Amino acid sequence: MNQILVTKKLYITPELKRKKKIYKFNFFFSIFLLCVLVSLCIYAEYDRNKSEEVSQELMEEFKAEEQEDTTVAKNNVLIVVLDHEGKEETSHTITPQEQQQTTINKKNIQTTNDGYRYRTIAAIHIPKININYTILDGETDSEQETEALLKISPTKFWGADPNEIGNFCIVGHNYRNTRFFSKVPTLENGDIIEITDESKKTLRYSVYTKYEVVPEDLSCTSQLTNGKREITLITCTNDSKMRVIVKARAV
């Protein structure tokens, strides 16, 4: 019996102890990494939910503006400017277009948590995939600014203004769920996309082509539309290696 005990003790070598410590360290480190990964996933989902809330708040504000009384803008408004003695100095008639543009220019500029300033320039509605979002436009069009805005809502990437002649290019995130432009890759030719601009005019666009390009290929932003109104939706493929391009033309 003593011989057996001694023999077993001889098997517990310093090398075996060292390996056991390494195993314990690797085990607990793996648990730690798993906890960190789960925490990051939870935070990312929380951040996406908050972004969705902000986007929907912007959409509600955009809709509320549509319901505001615009009676003043329907008629020319005569503005009379008096000098300090009360005498008439100058007069100018403001047209409905000028009145409307003044209202648009005074629209509140909003700021992201990162300090980037932006405004809402349009809204996009795609009935087939139940998309209802505002479209944002930043001040600098820098890559960092665009990334910050994309966390809030689809964003103007390049081109003409909403519902104007040219190619209005819109970029949105693909979160591989139902948010933002995740379902845009499922669109097909003939599907309808509605764009409502700041003047609350809504135009319908019909999809006429869809394809994928490498991220460096920006040919889809070309403004050569033969005098037509077009929009281009841009998002990532599910593996984020390519870009999905959906082009539509006003009908």
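**Ground rules.** I call a residue buried under 20% relative accessible area, exposed over 50% and partly exposed in between (1.4 Å probe, protein chains only). This is a predicted model, so I read local features only at pLDDT of at least 70 and side-chain atom pairs at pLDDT 80 or more, while totals for chains, interfaces and linings use all residues. Residues are numbered from 1 along each chain as its sequence is written, and side-chain values use heavy atoms, without hydrogens and water.

**Entry 1: confidence.** I checked pLDDT (the predictor's confidence in each residue, from 0 to 100). The average for the protein is 79, and 71% of the residues score at least 70. Residues 69–106 stay under 50, and the model has 35 contacts beyond four places in sequence for them; a contact here means heavy atoms within 4.5 Å. Where pLDDT is low, the predicted coordinates should not be read in detail.

**Entry 2: overall make-up.** I found 4 helices and 11 strands, taken as DSSP runs numbered from the N terminus (helices H or I, at least four residues; strands E, at least two). Of the 251 residues in the protein, 32% are buried. Among contacts with a separation of 6 or more, 56% join residues 24 or more positions apart.

**Entry 3: the core.** I then looked for nonpolar cores (buried Ala, Val, Leu, Ile, Met, Phe, Trp, Tyr and Cys residues joined through side-chain atoms within 4.5 Å). The largest has 24 residues, and Ile-124, Ile-193, Ile-195 and Leu-233 have the most contacts inside it. Strands E4, E5, E7, E8, E9, E10 and E11 each supply at least two residues of this core. E4 gives the largest share, 4 residues. What does Ile-124 touch, leaving aside neighbours within four places in sequence? Its contacts include Ile-131, Tyr-133, Ile-135, Ile-170, Phe-181, Ile-193, Ile-195 and Leu-233, and also Asn-132 and Glu-194. Apart from this core I noted another of 6 residues, among them Leu-150, Val-171, Ile-234 and Ile-245.

**Entry 4: salt bridges.** My search of the whole structure gave 7 salt bridges, each a side-chain nitrogen of Lys or Arg within 4 Å of a carboxyl oxygen of Asp or Glu. Glu-188 pairs with Lys-128, with the closest N and O atoms 3.7 Å apart. Glu-188 sits in the loop between E7 and E8 and Lys-128 in the loop between E4 and E5, 60 residues apart. Lys-128 also bridges to Asp-191, at 3.0 Å between the closest N and O atoms. Those two are 63 residues apart, and Asp-191 is again in the loop between E7 and E8. Lys-128 counts as partly exposed at 43% relative accessibility, whereas Asp-191 is buried at 14%.

I looked next at Arg-249 and Glu-230, whose closest N and O atoms are 3.1 Å apart. Arg-249 lies in strand E11 and Glu-230 in strand E10, so this bridge ties together parts 19 residues apart in sequence. Arg-249 is partly exposed at 29%; Glu-230 is buried at 6%. Finally, I noted that shared partners join Lys-128, Glu-188 and Asp-191 into one network of salt bridges.
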